[in-house]
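I set down what I looked up, in order.

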Amino acid sequence: MEWWQALILGIVQGLTEFLPVSSSGHLLIFRELLGVDAEGFLDFTVTVHFATVMSTVIVFWSAIWRILKGLFRFRYNDETDYVCKLIVSMVPVAVVGLFFKDNVEGLFGDNLFVVGIFLTVTALLLFFSDNAGRLFRKSGTAGASCGIHRNGISFFQAVLVGLGQSCAVAPGLSRSGTTIATGLLCGVRRDVMAQFSFLMVLVPIVGEQFLTILDSVGGEVAVSLPFSNLLLGFAGAFIAGLVSCRAMITIVKKAKLTYFAIYCLVAALLIFMFT
């Protein structure tokens with residue numbers, strides 16, 4: 001991997017981690033387009049994923065700090081309720097990651113055709129959730145639902161969103177797109193999902209990378225990349241992640257997700273045509 005390839009792949013990871021277009025799928029696509037060798041790529045993906053976690057923490061630091069202060073008051077307040085719902089939402093993906101990770105990786109692998117299939121699924125989810133969200137807003141269902149649930153989301157809705165996240169282990173199925181789409185389809189208001197969907201993925205992403213590191217330590221030693229390449233990938237992913245995360249918050253609140261659905265569909269069609 002050359003330095004410029006590391007930088008480009010880092011930027012791709014940072015942009016696509018938060019946009020509902022699948023970061024894992026785009027890393028595979030750009031790895032093939034740039035002709036990057038698969039050896040040492042595991043170390044790189046762990047690095048750039050950690051970079052996007054750090055960018056998320058910075059963007060949501062005020063919210064995270066407020067939640068932590070409320071949590072350590074040691075009573076059941078809004079912050080404790082929010083943390084409990086975040087934890088509930090993480091249970092499905094934790095089960096998949098701990099008990100079925102190898103099966104999922106063996107089933108899907110790094111096949112670009114599979115990426116195309118799940119990009120199509122992502123496109124359909126985004127399209128239907130966008131239209132369902134507008135129907136909820138017109139009927140007032142989403143507003144009423146958020147009004148009766150503390151923090152705008154119920155425990156049942158948090159579980160459903162968590163189930164959506166657990167399905168996003170497939171390459172090409174966007175983590176942010178799936179969680180946001182599931183929440184909107186459940187009637188959760190857009191502004192509530194804009195924060196909840198990003199915060200709920202922090203621990204699973206860190207856990208996923210930790211398991212990956214353990215697997216690499218327990219197996220054969222991978223070909224290490226130059227530290228400068230890892231640093232460039234980290235910097236690209238971190239800076240692009242800051243921009244992408246802030247942009248996605250605004251997009252979820254105001255813009256149409258259908259535009260991203262069209263993008264995913266076009267990307268999937270190109271994959272089907274050229275693979």
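**Aromatic rings and a cavity**

I noted that Phe 72 is exposed and that Phe 74 is exposed as well. I kept in mind that the model is predicted.

Entry 1. I looked up the aromatic pairs and found 9 of them in the structure. In one of them, the rings of Phe 60 and Phe 198 have centres 5.9 Å apart and planes at 40°, so I recorded the pair as tilted. Phe 60 lies in the loop between helix H3 (41-59) and helix H4 (61-71), while Phe 198 belongs to helix H11 (residues 190-199), so this pair ties together parts that are 138 residues apart in sequence. Are Phe 60 and Phe 198 buried or exposed? I found both to be buried.

Entry 2. I returned to Phe 72 and Phe 74: their ring centres are 5.9 Å apart and their planes stand at 80°, so the pair is edge-to-face.

Entry 3. I then looked for a cluster and found one formed by Phe 18, Phe 60 and Phe 198. I also recorded a charge over a ring: Lys 85 lies over the face of Phe 155, at 5.3 Å from the ring centre.

Entry 4. The largest cavity holds about 40 Å³ of space. Which residues line the largest cavity? I listed Glu 17, Phe 18, Arg 175, Ser 176, Ser 197, Phe 198 and Val 201. Helix H1 (3-18), helix H10 (175-185) and H11 each give two or more residues to this lining. By class, I recorded 3 nonpolar, 2 polar and 2 charged residues in the lining of the largest cavity.

Key. Residues numbered from 1 in each chain as written. Predicted model: local features only at pLDDT ≥ 70, side-chain atom pairs only at ≥ 80, totals over all residues. Heavy atoms only, no water. Phe/Tyr/Trp six-rings, centres within 6.5 Å; stacked < 30°, edge-to-face > 60°. Helix = DSSP H or I, 4+ residues; strand = E, 2+ residues; numbered from the N terminus. Buried < 20%, exposed > 50% of the residue type's maximum accessible area, 1.4 Å probe, protein only. Lys NZ or Arg CZ within 6 Å of the ring centre and 35° of its normal. 1 Å grid on protein atoms, 1.4 Å probe; cavity = no way out; pocket = protein on both sides within 12 Å on 5 of 7 lines; lining within 4 Å. Points joined across faces, edges and corners; volume = space filled by probe spheres on them. Nonpolar A, V, L, I, M, F, W, Y, C, P; charged D, E, K, R; others polar.
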